[in-house]
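User: Hi, I have a structure open and would like to go through it with you. Could you take me through some of the helices and aromatic rings?

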Amino acid sequence: MQYLFHTDLLIDLIENPSISSDKALAICRSGAVQGWVLSATVPLLVQAARRSNHPEKAQQTLKELLSALSILTQTANDLLQSIADESTDFEVALALAAAKEIKVDGILALDPKPFAASGIPTGTLENWEEIHTEKSDSVALLNIPIGYHEILNDVEANMNQVIRSGYFILGPQVEKLESAIANYCGCDYAVGVSSGTDALLLAMMAEGIGPGDEVVTTPYTFFATAGCISRLGATPVFVDIEPTTFNIDPELIVQKITAKTRAIIPVHLYGQCADMDPIIEIAKQHNLVIIEDAAQAIGAEYKFRRAGSFGKYGCFSFFPTKNLGGFGDAGIITVQDEATRDKLLTLRMHGSKPKYYHKYIGGNFRIDALQAGVVLAKLKYLESWTEKRRTNAQNYHRLFKDSSLTENISLPQEIFPRHVYNQFIIQVNGNRDDLRTFLGENKIATEVYYPVPLHLQECFSDLGHAEGSFQNSEQMANNTLALPISQEVTLKQQEYVVKTIKSYFS
Ligand SMILES: Cc1ncc(COP(=O)(O)O)c(C=O)c1O
């Protein structure tokens, strides 16, 4: 629950450090409440602490409060609009504008009266529990702003550094991100690029893959995996998936290898690694390059190694829905050797080295420096979010088992720990789309990733595949459904999801 701590309450806590300030700190630290303080309030609190009769104690309380609360930065516009609103007290107007913008659940104030007409629940420190009602009867697949309390101050610091330095293209934030991601994935280098799609495209460009070449991959993935192969004039050669992991079945790869095959792109779909050992063996035997599509799998492991560290290239997406998402499009490629890294660096700058001397035909595939700053700030939270997703997955397993729903619903299996659950995919034994509509009517968001396997997409009709060509992929496209699993999803919300599915089948 997100609460805005109003100025009058915070000044009171600082001027009279007491049991009340301990209570405020306790509720924030317990995690029951995520507290915000407006940046415009902070100077007033500093003054209050300095003026206090017990300045040392007051300073200490201020420090503790500011470490427990997140600061919501006001823009110049917020300030000017609140000044212009002559009918409302300036601080109240500012608080209301901010509270509406970040959709807080309530405001805590010393005097709640000025907020009475606003429609925003407002309480005092004494009665806050009465206005505290956790919403568990609607569940979003992803609610990015709910996580701002944890990350916004770090993200803003990195974004401001880019804005204030004027260093918008590449630069220090990009370099820091590249070495941090390489380190996180257990790789030697990483090259930031404009998106996960461009990561795949650039990796294949670096290999000179083009017309006449074949690239083996799965038809049960996001379009970009195969789209990039075709964009370069090469041919995607599909291999069906294993039903347990939803990933390419290594046993079926060899029969698809020809003299034209150049690369294999295994996709670590939904956050679980493909079975890499046999894939690596096949690639070695046939002298093929492995390009991992790890767009959904940052932090996923297979036999204690991380996604992105198995192939010559590991392609990641920072699309906002990913476990580590930017505030827009971005991606990165992990690599193991300096020569490949240098080639990628050159290709992402139109193939020019030195500047204006073009060794290759590349493109503008640079990662945006602002996005690099956002992703870098969020990286330090990734492990705790991954563990929360894994806990949520365990919760679903327990709840579905307790509800005796295992005949109607098959749950995803963790065959290769560690699964990072970018998605939690159930298989529905029944009418998947009807269940999805029912859940939607009960305010539970779900998604189908992906309703049409790639071999049946219109744009790939010239590849000559028909229905029945890849039966596991087709079956999954018909019966899978993604349930809310992100780190913001609460146990109560998961209970509501499973209870609602139970009521559908009853
Ligand atoms: C498996 C897979 N590959 C590639 C991509 C492409 O990434 P981006 O959206 O960053 O271009 C995605 C993103 O949705 C993906 O899920």
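**Walking through the model**

Analyst: Let us begin with Ala76, which lies in helix H5, made of residues 76-84. Please keep in mind throughout that this is a predicted model.

User: Is Ala76 buried or exposed?

Analyst: Ala76 has a relative accessible area of 54%, and because exposed means over 50%, Ala76 counts as exposed.

User: And how far apart are Ala76 and Pro236 in space?

Analyst: From C-alpha to C-alpha they are 52 Å apart in space, while in sequence Ala76 and Pro236 are separated by 160 residues.

User: Okay, on to helix packing. At what angle do H2 and H4 pack?

Analyst: Helix H2, residues 19-29, packs with helix H4, residues 55-68, at an angle of about 20°, and the two axes are 10 Å apart. Angles under 35 degrees count as roughly parallel, so H2 is roughly parallel to H4. The crossing in which H2 passes H4 is left-handed.

User: Which residues make that contact?

Analyst: On the H2 side they are Ser21, Ala24, Leu25, Cys28 and Arg29, and on the H4 side they are Thr61, Glu64, Leu65 and Ala68. Sorted by class, the residues of this contact of H2 with H4 are five nonpolar, two polar and two charged.

User: What about H9 and H14, how do they pack?

Analyst: Helix H9, residues 172-185, and helix H14, residues 369-379, pack at an angle of about 40°, with their axes 9 Å apart. That angle makes H9 oblique to H14, and the crossing of H9 and H14 is left-handed.

User: Which residues touch there?

Analyst: H9 contributes Gln173, Val174, Lys176, Leu177, Ala180, Ile181 and Tyr184, whereas H14 contributes Ala369, Ala372, Gly373, Val375, Leu376 and Leu379. By class, the contact of H9 with H14 has ten nonpolar, two polar and one charged residues.

User: I also clicked on Asn158. Where is it, and what does Asn158 touch?

Analyst: Asn158 is placed in helix H8, and leaving aside residues up to four places away in sequence, Asn158 touches Gln173, Gly373, Leu376 and Ala377. Gln173 and Gly373 also belong to the contact of H9 with H14. With a relative accessible area of 16%, Asn158 is buried.

User: New topic, then: how many aromatic pairs are there?

Analyst: A search of the whole structure finds 17 aromatic pairs. One of them is formed by Tyr148 and Phe327, whose rings are 5.9 Å apart from centre to centre with 50° between the planes, and this pair is tilted.

User: Where do Tyr148 and Phe327 lie?

Analyst: Tyr148 lies in helix H8, residues 148-165, and Phe327 lies in the loop between strand E13 (313-317) and strand E14 (331-335), so the pair ties together parts that are 179 residues apart in sequence. Tyr148 is partly exposed at a relative accessible area of 21%, and Phe327 is partly exposed at 31%.

User: What kind of pair do Phe246 and Tyr270 form?

Analyst: Their ring centres are 5.1 Å apart and their planes stand at 80°, so the pair of Phe246 and Tyr270 is edge-to-face.

User: Last one: which residues form an aromatic cluster?

Analyst: Phe223, Phe238, Phe460 and Phe470 form one aromatic cluster.

Technical notes. Residues are numbered from 1 along each chain as its sequence is written. This is a predicted model: local features need pLDDT of at least 70, side-chain atom pairs count only at pLDDT 80 or more; totals for chains, interfaces and linings use all residues. Side-chain values use heavy atoms; hydrogens and water are left out. Axes are lines fitted to C-alpha atoms, for helices over the stretch in contact, and angles run from 0 to 180 degrees between N-to-C directions. Helices (H or I, at least four residues) and strands (E, at least two) are DSSP runs, numbered from the N terminus. Angles under 35 degrees count as roughly parallel, over 145 as roughly antiparallel, 65 to 115 as roughly perpendicular and the rest as oblique. A crossing is left-handed if the near helix is turned anticlockwise from the far one by less than a right angle, and right-handed if clockwise. Contact means heavy atoms within 4.5 Å. Ala, Val, Leu, Ile, Met, Phe, Trp, Tyr, Cys and Pro count as nonpolar, Asp, Glu, Lys and Arg as charged, and the others, Gly among them, as polar. Rings of Phe, Tyr and Trp (its six-membered ring) pair if their centres lie within 6.5 Å; planes under 30 degrees apart count as stacked, over 60 as edge-to-face and the rest as tilted. Buried means under 20% relative accessible area, exposed over 50%, partly exposed in between (1.4 Å probe, protein chains only).
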